[in-house]
Amino acid sequence: MSKRTEIAQLLTEPKIGEQVTVKGWVRAFRSNRFISLNDGTCIKNIQVVIDFEQMDENVLKKINFHACLKVVGLLQESMGKGQSIEIIAEEVEILGESNPEEYVLQPKRQTMEFLREQAHLRMRTNTFSAVFRIRHAVAYAVNKYFNDKGYYYMHTPIVTGSDAEGAGEMFQVTTLDLNNPPKTEDGKIDFKEDFFGKATNLTVSGQLQAEIGALSMGKVYTFGPTFRAENSNTTRHLAEFWMIEPEVAFADIFDDMDLAEDFVKYLINYVLDNYPDDLAFLDERIQEEEKNLPKDKRRPMGLIDMLKFVVDNDFERITYTEAVNILRNSKPFKKGRFEFEPKWGADLHSEHERFLVEKKFKKPVIVRDYPKGIKAFYMRMNDDNETVAAMDVLFPYIGEVIGGSQREERLDILKGRMADMDIPEEELWWYLDLRKFGGAPHAGFGLGFERMVLFITGMTNIRDVIPFPRTPKTAEF
Ligand code: 4AD
Ligand code: MG
């Protein structure tokens with residue numbers, strides 16, 4: 001194999017006058033002379049100039065959209081507009097043909113819906129390659145952030161017997177014959193016969209196990225896939241998504257909020273500092289997309305300006321009770337424009353969260369101290385006995401990106417909460433043991449990885465920031 005130079009490398013350290021070999025996919029072919037080649041290493045293409053009169057006709061006719069080429073040629077400065085260097089081709093080899101009559105992608109703007117159906121090809125487009133480079137960057141930054149701060153990465157199980165969130169939105173894992181399952185005497189399915197000797201499911205969160213880590217190693221985080229069988233066909237829900245869950249011993253809800261704010265700002269800064277070209281491309285893409293919308297439907301700021309705004313400003317911090325009061329005194333509520341009434345004791349709906357973030361405070365908001373009735377069993381009871389030390393971080397356009405809490409470390413109160421919610425103690429005996437033996441105050445949160453990537457890339461549907469989305473009725477690829 002001849003040595004290949006990656007296009008990102010070529011563009012950062014151009015060795016003018018040298019012979020180079022590049023390999024990549026055709027993004028455009030103009031005037032039978034100029035090929036734009038992209039190899040995925042960066043958003044930019046390299047221009048290849050060919051002499052079609054000298055070229056084998058058989059090769060020439062195969063230089064089609066998204067065909068894969070190897071090009072050997074001389075690198076030189078370009079006279080043309082739009083690029084500083086180009087390759088004068090000496091040899092063009094077709095590595096993989098792409099017959100335009102059969103190929104479903106066309107060199108034009110395609111809808112996101114169409115591209116979703118072609119998820120095996122969409123990564124070759126500018127938009128998706130930029131999105132997935134940034135997705136990688138955010139994942140790397142997550143690990144870097146925690147490693148640099150002395151957290152340990154803990155792998156929590158994917159198959160589990162417990163429902164951490166108590167919401168009952170789990171996918172069952174079984175090897176039983178569904179047509180003929182073994183039954184107990186009282187006619188129920190006998191999970192003792194199942195692979196694990198009990199009923200199991202895919203995890204909805206690694207938190208409960210991460211708490212074990214925090215109460216032995218001090219600070220840990222998990223970062224893995226989580227699964228929720230909620231039938232929410234929205235632009236912000238996936239059935240399979242990735243979650244980052246730090247868990248910290250000796251931390252309270254205020255430490256938790258500080259960590260959450262510092263962490264998400266770090267992630268945004270990391271992408272701003274290291275992926276300016278991809279961000280600039282996505283920023284322009286949004287402006288292009290929105291230019292035909294009426295002004296009040298457009299975003300108030302460009303993508304990069306918005307990201308900078310978020311990292312440069314303190315997040316607003318309010319209690320749930322304050323949030324409800326603000327909502328009840330708001331114009332949209334008084335004019336009957338909310339679909340759901342903001343009422344103390346009820347969950348905040350997306351329209352309420354977006355009002356707080358986009359209209360009232362115009363920046364990310366952290367809401368804390370939610371009513372105990374709408375939150376999970378493990379959240380620490382506040383002194384008022386009505387609210388728990390929970391916090392949600394709300395972002396513009398997206399709503400909740402983080403949900404977290406201080407955990408209930410007092411055994412008797414925890415047992416009482418579990419009893420109230422019909423959670424059997426036998427199921428979580430090990431979780432209770434943590435409170436019995438060397439328990440300590442501790443706190444943590446979960447960041448929805450795709451929601452973060454959604455915000456940073458400015459995409460509008462969560463299905464477009466994960467390579468192969470799983471949603472109700474779709475699990476292709
Ligand atoms: O608020 P959630 O349900 O919190 C937990 O699971 C806690 N155990 C976290 C913890 O304290 N360690 O989920 C956390 C985040 C949400 O804020 C949201 O960003 C994301 O996970 N999320 C989803 N993302 C995509 N699709 C879904 N169906 C999601 N459900 C939650
Ligand atoms: Mg939540």
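T226 is found in strand β10. Strands here are DSSP runs (E) of at least two residues, helices are DSSP runs (H or I) of at least four, and both are numbered from the N terminus. Leaving aside neighbours within four places in sequence, T226 is in contact with T203, V204, S205, A239, E240, F241, W242 and M243. Contact means heavy atoms within 4.5 Å. T226 has a relative accessible area of 2%, so T226 is buried. Buried means under 20% relative accessible area, exposed means over 50%, and partly exposed lies in between (1.4 Å probe, protein chains only).

The model is predicted: local features need pLDDT of at least 70, side-chain atom pairs count only at pLDDT 80 or more, and totals for chains, interfaces and linings use all residues. Residues are numbered from 1 along each chain as its sequence is written, chains are lettered from A and ligands numbered from 1 in the order in which they are written, and side-chain values use heavy atoms, with hydrogens and water left out.

Strand β10 belongs to an open sheet of 8 strands with mixed pairing. The order is β6-β10-β11-β16-β15-β14-β13-β12. Two strands pair if DSSP finds at least two bridges between them. The edge strands are β6 (152-153) and β12, and each pairs on one side only. Y152 has V220 as its bridge partner in β10. Helix α4 packs on the sheet and touches β6, β10 and β11. The direction of α4 makes about 150° with that of β10. Axes are lines fitted to C-alpha atoms, for helices over the stretch in contact, and angles run from 0 to 180 degrees between N-to-C directions.

I318 has V367 as its bridge partner in β13. Helix α9 (residues 320-328) also packs on the sheet, touching β12 and β13. Its direction makes about 95° with that of β12. Strand β13 (residues 365-371) is mostly covered, with 7 of its 7 residues buried. β13 pairs with strand β14 (residues 387-395) in the antiparallel sense, over 6 bridges. V365 has L394 as its bridge partner in β14.

F315 is found in the loop between α8 and β12. The relative accessible area of F315 is 5%, so this residue is buried. F315 and V365 are 50 residues apart in sequence, yet 5.4 Å apart in space, C-alpha to C-alpha. Beyond neighbours within four places in sequence, the contacts of F315 are E261, V264, K265, V310, P364, I366, V393 and F395.

Aromatic pairs were searched for next. The whole structure holds 23 of them. Rings of Phe, Tyr and Trp (its six-membered ring) pair if their centres lie within 6.5 Å; planes under 30 degrees apart count as stacked, over 60 as edge-to-face and the rest as tilted. The ring centres of F146 and Y221 are 4.5 Å apart and their planes are at 25°, so this pair is stacked. F146 lies in helix α4 (residues 126-148) and Y221 in strand β10 (residues 219-227), so the pair ties together parts 75 residues apart in sequence. Both F146 and Y221 are buried. The rings of F223 and W242 have centres 6.0 Å apart and planes at 85°, so this pair is edge-to-face. F223 is in strand β10 and W242 in strand β11 (residues 240-249), 19 residues apart. F223 is buried, at a relative accessible area of 8%, whereas W242 is partly exposed, at 31%. Ring pairs also link Y145, F146, Y151, Y153, Y221, F263, Y266 and F445 into a cluster.

Charges over rings were also examined. A charge sits over a ring if NZ of Lys or CZ of Arg is within 6 Å of the ring centre and within 35 degrees of the ring normal. R299 lies over the face of Y397, 5.2 Å from the ring centre. The charged end of K360 sits over the ring of F361, at 5.9 Å from its centre.

Helix α7 (residues 276-290) and helix α8 (residues 303-312) pack at an angle of about 115°, with axes 8 Å apart. L279, A280, L282, D283 and I286 of α7 meet L303, I304 and L307 of α8 in this contact. By class, the contact has 7 nonpolar, no polar and 1 charged residues. Ala, Val, Leu, Ile, Met, Phe, Trp, Tyr, Cys and Pro count as nonpolar, Asp, Glu, Lys and Arg as charged, and the others, Gly among them, as polar.
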